Every structure is written in C-alpha cells, then in structure tokens.
Amino acid sequence: MYYYPLHPPYFLLVVGLLIAVTSGIALSGTLKVIVQKWPNKGAENIKPPSAWKQLIVPFLGITGGVCLFLCSGFEIFGFPPILALGIGLPMSLLTCLLVWWQLGSMLEFVEQRGMQSLDLDSLS
C-alpha cells in the first residue's frame, strides 16, 4: 500500500526555502561586517565569542528553513510525515552542524593567517 498525502505541503516547502534564503543573506551580511572590522582593529583584537553570538541567529534560521524544506520535500515525494521528519531532521541537523564546524575552522584560519591565505587564484 502506498502513502499519498491528500494535501502535499507545497506551501511549507516554499516557506522553508524562503526562510533559508533570507537567513543566508543575513548570515552573509553579518560575516561581511565581521570581516570588515578585522583590518581596522586587527584580527587579534576581535574576540571569537562575540563573532559567534552575531552568527548564531541567522545560522539557526538557515537550519530551521533547511529542515522544513527537506521534511516537506520528503512528504511531497510520498513519505509519511513521521518518516519524513525522521529522515529530514537528522539529515539537516547533521549537515548544518558540519557546516557550522567548517565555518568556525575557516574563521580561525583567517584569523591566524589573514585573508590572503584564502586567495586560491594566486597559487597558480
């Protein structure tokens, strides 16, 4: 027996996508502001916890939007709601956790070696 929802959550899919995109734009703007402060004050004067506090709200918005988008997408493709949540929630949380970890390591790398260390075009 196949499960087919009577009303697929297309609206939730679009809402999740919009939440993730707008939070991503906010995260991008916040990162630009943080990085622009580094040359003026010096990277050693910036305290990482203050930067993390500024980044956590937009990043949680991205995480929630991606989770909503993924779970709704699974439901649209025929997964029951509990199974869609059981697959989508851990998948999105794990992915966002790994992205958060990578973002932190990149910020520490730039803080230690400077922005010039990220310029990959100069290596060739």
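Leu103 is in contact (heavy atoms within 4.5 Å) with Leu31, Trp52 and Leu55, leaving aside residues up to four places away in sequence. The model is predicted: local features need pLDDT of at least 70, side-chain atom pairs count only at pLDDT 80 or more, and totals for chains, interfaces and linings use all residues. Residues are numbered from 1 along each chain as its sequence is written, and side-chain values use heavy atoms, with hydrogens and water left out.

**Confidence**
- The chain has a mean pLDDT (the predictor's confidence in each residue, from 0 to 100) of 84, and 81% of its residues reach 70 or more.
- Helices here are DSSP runs (H or I, at least four residues), numbered from the N terminus.

**Nonpolar core**
- Ten residues make up the largest nonpolar core: Leu27, Ile34, Trp38, Leu55, Phe59, Ile62, Cys96, Leu103, Leu107 and Val110.
- At least two residues of this core come from each of α1, α2 (48–76) and α3, and α3 gives the most, with four.
- Such a core is a set of buried Ala, Val, Leu, Ile, Met, Phe, Trp, Tyr and Cys residues joined through side-chain atoms within 4.5 Å.

**Cysteines**
- The whole structure has zero disulfides (pairs of cysteine sulfur atoms within 2.5 Å).
- Cys71 has its closest cysteine sulfur in Cys67, and the 4.2 Å between the sulfurs is too far for a bond.
- For Cys96 the closest cysteine sulfur is also in Cys67, at 8.5 Å, too far for a bond.
- Cys71 is buried (under 20% relative accessible area; exposed is over 50%, partly exposed in between; 1.4 Å probe, protein chains only) at 9% relative accessibility.
- Cys96 is buried at 8%.
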